[in-house]
Amino acid sequence: MELRFATYEKKYLKSCADIVRVTWNFAEDLDSPRRPDLIDEYYVQSCVDPSEHLELIVDESDEVKGILFGSIEDAAPGRKLVSRLRGIRLKLWCLFHILTGDFGKRATALRFFEDMREINRAGETNDRHFDSEINLLILSPELRGQGYGRNLMERYFAFCKKNDLHSAFLWTTNECTYSFYEKYGFTLYKRFHYGAFTDDRTGGDNCMTYCIEID
């Protein structure tokens, strides 16, 4: 397999969504969706919109095999405005597909997408303490454990240094392979619970924020 780095473009959206679908089955939380593929595209786009660092690993067929999207927290005013406008556009797109039934029963779909937005807000409650956020890091199964995640991370750190960013954070859940971040030097910043994100409603912590200082 021949691999190369590439910058995200719209043509890669479906291929990025395919990797997300292998890792997270968002559709299982909806009720009879007609277009489950759109859920994964929504998630990818929600990570693209705030990000300035849009790095991919693609194969010889231009299929995406790895993703790292990262944002600058104190972005320029113009960039913040663009991000907000993109967010509004994505919400309208999502509402259209909810109303047309592409995401299944409307009430369930509305709760699902509100839960997604709420957990993202919960994960970013301490964003003012850091310069950058990793919005999405994921590899296709056949690339995992071979150093490609480390390569993506090193290129992201180079982006941070170029833009005078000295710290980064991310949030994740106990269902993800968060040990990768610990091995790379991230430290646990806080644990928190979000009941709607998993079936565990007992109140135990099921989410974590990790951070790292960038030299």
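A surface patch here is a group of residues with over 30% relative accessible area and no salt bridge, in which like charges are joined within 9 Å and nonpolar side chains (Val, Leu, Ile, Met, Phe, Trp, Tyr) within 5 Å. Accessible areas come from the Shrake-Rupley method with a 1.4 Å probe, and for residues only the protein chains shown count as cover. The model is predicted, with local features needing pLDDT of at least 70 and side-chain atom pairs pLDDT 80 or more, while totals for chains, interfaces and linings use all residues. Residues are numbered from 1 along each chain as its sequence is written, and side-chain values use heavy atoms, leaving out hydrogens and water.

Leu81, Leu85, Ile88 and Leu92 make a nonpolar patch of about 410 Å². Ile88 sits in helix H3, residues 77-99; helices are DSSP runs (H or I, at least four residues) numbered from the N terminus.

Now follow H3 to its partner. Helix H2 (residues 36-48) packs with H3 at an angle of about 170 degrees, their axes 11 Å apart. Axes are lines fitted to C-alpha atoms, for helices over the stretch in contact, and angles run from 0 to 180 degrees between N-to-C directions. H2 and H3 are therefore roughly antiparallel, a label for angles over 145 degrees. Their contact (heavy atoms within 4.5 Å) brings Leu38, Tyr42, Gln45 and Ser46 of H2 to Leu90, Trp93, Cys94 and His97 of H3.

H2 also meets helix H1 (residues 13-23), at an angle of about 105 degrees and with axes 8 Å apart. This pair is therefore roughly perpendicular, the term for 65 to 115 degrees. On the H1 side, the contact includes Leu13, Lys14 and Val20, and on the H2 side Asp37, Tyr43 and Val44 are among the residues.

Finally, look within H1. Asp18 and Arg21 lie three residues apart there, about one turn of the helix. Their side chains meet in a salt bridge at 2.8 Å, N to O; the rule asks for a side-chain nitrogen of Lys or Arg within 4 Å of a carboxyl oxygen of Asp or Glu. By this rule, the count comes to 15 salt bridges.

Note on methods:
Helices (H or I, at least four residues) and strands (E, at least two) are DSSP runs, numbered from the N terminus. Angles under 35 degrees count as roughly parallel, over 145 as roughly antiparallel, 65 to 115 as roughly perpendicular and the rest as oblique.
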